[in-house]
Amino acid sequence: MPRYAMIIDAKKCIGCYACQVACQMQNELGPDNAFIRFEDRETGKYPNPKYVIVPLQCQHCQDAPCVPVCPTTASHKDSNGLTMIDKDKCMGCRRCVAACPYNARTYLKDEGVVQACNLCLSLVKQGEAPACVATCLTKARYFGDLDNPTGEFAKQLAKAKPLRPDFGTRPTLLYII
Amino acid sequence: MWANKFPRRTFLKATAATAAAVGVGDVFSIGEWMKQANAAPVTKIPSLCETCSAACGMWVHVKNGRIWKVTGQKDHSQSKGRICARGHAGIAMAYHKDRITHPMKRIADNHFVPITWEQAYGEIAAKLKTVLKEHGPEKVFFSHNPRPTNKFYWPRLMAAVGSSTIQSHHSMCSTGRDVAYKWTTGGMATADIGKTKYIVFLGRNYVEGLSPSTAANMEAAHARGVTMIVVDPRHSNACLFASQWVPIRPGTDLALLLAIANVLLAENLYDKEFVDEWCVGFDEFRQGMKQYTPEWASTMTDIPAETIYAIARGLGNNRPASCIEQGYKAPNGCNYANGTQMFRMVACVNALLGNYGKDGGMKFSNPPKAGSLDAKKYPAPPKPKAARCDGAGIKGEFPLCQTSQGIVHLMPQRALEGKAKAGFLYRINVARNAPGPELLTKGYKALDLLVVCDVKWSETALCAHYILPECCPAEREDLPAVVSSTVTMRTAAIGLVHSECKPLSQIVTEFAGYIGAAKYFNFTQDDVANAIIKPLGVKLDELRVKGTIKVKAPAPKPLSFKTKSKKVELYCKAFADHGFAPVPQWEPPYSKAGKDTFVLIHGKQGFMSHTVTASDPYLLAIARRDGLERLWINADRAQKMGIKDGDLVEVASPQAKGRVRVKVTERVHPEAAYLPAGYGRLVPFLKTGVGFGISPNDFTPSRAEAISGHAMMMEVLVTVRKVGE
């Protein structure tokens, strides 16, 4: 089984929100529900400020805190190592939302369920890239298989690190910052 | 409730699919319903985005007869397979609650009633005939944002009427630049960012005033190690890829360029051979630049003199693969009083670098030539002889302004002066996207006849006597266009959502019948499309399937300049003849910030296109969530004023007051306050976007710059003070 993963080069992120909206359309989410959000950080003093934008979404942690807290096993790890949510089992208690240190899970009010980035597995199974990767204007996102890294993904993998290793959740989403 | 388990959109899709696939009366369960809906085949239909001028090629994925999502067309030169946030969200305009669904007639302020097309055409034709009889065709004008279909149909209709005044949106966009290049290099050259070694951006922001390709090009240049200098009062997101951010006092870019020329000449860093062969007026120009030392420019621009020397030397040492990027709206487009001369200087500095036609410098495009209708079979109306009513190209008014663009934002003023009586506006929201909303609204309403053709309600539509509803991009096919070395076309992805809306070609053709101009429209849209693509060797049926097709690029042309002298006019005689400086010289902007004031600057965000997208529910949700309507103020100044991040402030100019929250940041020049453009809708009955944010246009007076007539959109000083919640 491949172990799918994504690398985000935050130095290339221009904060254009293309990935977020592409994801919302792919996953048929309403305007107020998004699987991708952004944090930005400004440092330094005028006239030499530094600025970075970090896109955030489910980190597909190997030790995912959202899984053990789920009372219905809706939150689970799948055979590709992804953290998935079985919509039919979710009762919308939102314990997983509280447990996620990356604040990367979305409660869909209209449906009464929690959902999050699923790495567009349905597209991946058809041989396509996840919607956010395919549309990223500056090619800041790379998608691949950790067990069989190829091409640009393999090149970037050496530089990529988890966003907050101190959370101890061993994410498979990796960042270059 | 179980029904809550299904998102509304999917739920509705399931309903449609059931009706189609299962048929009424069949037994089905909700599970079967969902299965059928989700398993429905997805068709991919080629279209073009319409949320900005880039018109990216994209595939519309349609499921159960409804738009699901879009993806980019790989062969399209603007999208290159990628679509921005506006494109992903904007295609759903077809389902937007703020669409105009019927022909409308205004019966009182903000009060419209639906009427039939026949009534609309009949009454518009009668009023137009009265205006023509009483005032002549010189008081009739047409304004639009030129796109393939309207560019063909509307001007033909206006010619049939006898009107010469056809205007694009450019006087609130790039007219300063466009007038300047017309008289300096005779045509528009663009920076070859793919091969340049050293490039200076003056206010132009490839990653927020973006198309997918401009953002990708900037990223690629960064990866290649190109030196990119971003000169801007604001540390825009373009600075993420820049080698250096050079903050500049608003509106003083002209001084920087004068000093760059000074250094190139003084240090012999210019291309003597190019100047000898291709420029006129070098001696006058050289003489003119002598006084503009970097030390002088430093006091004007607030840029250290050593930085100016470094930029000039960087450009000179890397020539000809170095350039000043051409800009768009930017300081040379329509922002400041000195914009036209500023672009003259951009063109002159590029000439000193000898970079025209060179790799990494400034290149003229040479697109394949499209065809046109057979004039014998389909006679066109004669070219109108009536004088223009916007002053473009007219002695004593704006003689140098190019008549292909005109001065669109001036029309309300002209209406108040009695110089314009009837206007037709297509897909252009002047009343909100140009400065001075009060005057613009008053002026448009003073016309005897204003007809607006659009897909959704706008501030400008509110001023109209009649509104003609066009169908959305997703619902219509448009005429093909040549873009780079491709031909590309929008096709209809879905059927009409509102049955009373019509494609533009049908509206114009039908209306022509009411004014006795049917003989000029004796063809179908397909006839026009076939004529356009005929010389390109492309078939319409193939284009309908592929959306974008590569065509053979013409052989490269030798370098030439289409000015009067056939050279780059460092000294421009036409400018001298009309009383303007023939060699650019320092002209300050109107607005310089004082101790208590800021120059109010604005600019695009990557996910917004002015009011075109400011009511999009997805994009609006982003702006609300991340507080992106806020006014940027420099941290030091904010501290001195006792303003903290997130505070509510009152922004005021002599013309208007408005309230907005503040973003306190190190990323903006202390003399500038930055407000993103597009927010602050003024259509009271819009379902989305009303009551969110304010517009920089509220504060800025409605004016026209002396040479090209552009709107001077950043020439305003505002005060900012903290107010209670």
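**Reading an interface and some backbone features**

Me: B:S484 is partly exposed, with a relative accessible area of 46%. What are the cut-offs for buried, exposed and partly exposed?

Reply: Buried is under 20% relative accessible area, exposed is over 50%, and partly exposed lies in between, with a 1.4 Å probe and protein chains only. This is a predicted model, in which local features need pLDDT of at least 70 and side-chain atom pairs count only at pLDDT 80 or more, while totals for chains, interfaces and linings use all residues. Residues are numbered from 1 along each chain as its sequence is written, chains are lettered from A and ligands numbered from 1 in the order in which they are written, and side-chain values use heavy atoms, with hydrogens and water left out.

Me: Where is B:S484 found, and what is its phi?

Reply: Helices (H or I, at least four residues) and strands (E, at least two) are DSSP runs, numbered from the N terminus. B:S484 is in the loop between β18 (481-483) and β19 (486-488) of chain B. Its phi is positive, about 50°, although B:S484 is not a glycine. B:N268 also is not a glycine and has a positive phi, near 55°. B:N268 follows α8(B), in the loop between α8 and α9 (272-278) of chain B, and is exposed at 54% relative accessible area.

Me: How do I check the length of helix α8 of chain B?

Reply: The expected span of a helix is 1.5 Å times one less than its number of residues. Helix α8 of chain B (residues 253-266) has 14 residues and should span 20 Å; its end C-alpha atoms are 20 Å apart, which agrees. Of those 14 residues, 13 are buried, so α8(B) is largely enclosed by the rest of the structure.

Me: Which residues does B:T307 touch?

Reply: Contact means heavy atoms within 4.5 Å. B:T307 touches B:Q244 and B:V246, leaving aside residues up to four places away in sequence. B:T307 is in helix α12 of chain B and is buried, with a relative accessible area of 15%.

Me: How is the size of an interface given?

Reply: Often as the accessible area lost when the parts come together. Here buried area is the accessible area (1.4 Å probe) that two parts lose on being put together, summed over both. Between chain A and chain B this is about 3800 Å², with 55% given by carbon and sulfur atoms. A:M25, A:E28 and A:Y46 supply 21% of the area that chain A buries against chain B, more than any other three residues. By contact, 46 residues of chain A meet 49 residues of chain B.

Me: How many salt bridges are there between chain A and chain B?

Reply: A salt bridge is a side-chain nitrogen of Lys or Arg within 4 Å of a carboxyl oxygen of Asp or Glu. The count between chain A and chain B is three. One salt bridge joins the side chains of B:K63 and A:E28, at 3.7 Å from N to O. α1 (18-26), β2 (37-43), β3 (50-56) and α4 (131-135) of chain A each supply at least two residues of the side of chain A that touches chain B. α1(A) gives the most to that side, with seven residues.

Me: Where are the cis peptide bonds at A:P47 and B:P320?

Reply: A:Y46 and A:P47 are joined by a cis peptide bond with omega about 5°, and A:P47 is in the loop between β2 and β3 of chain A. The bond from B:R319 to B:P320 is cis, with omega near 5°. B:P320 is in the loop between α12 (305-318) and β13 (322-324) of chain B.
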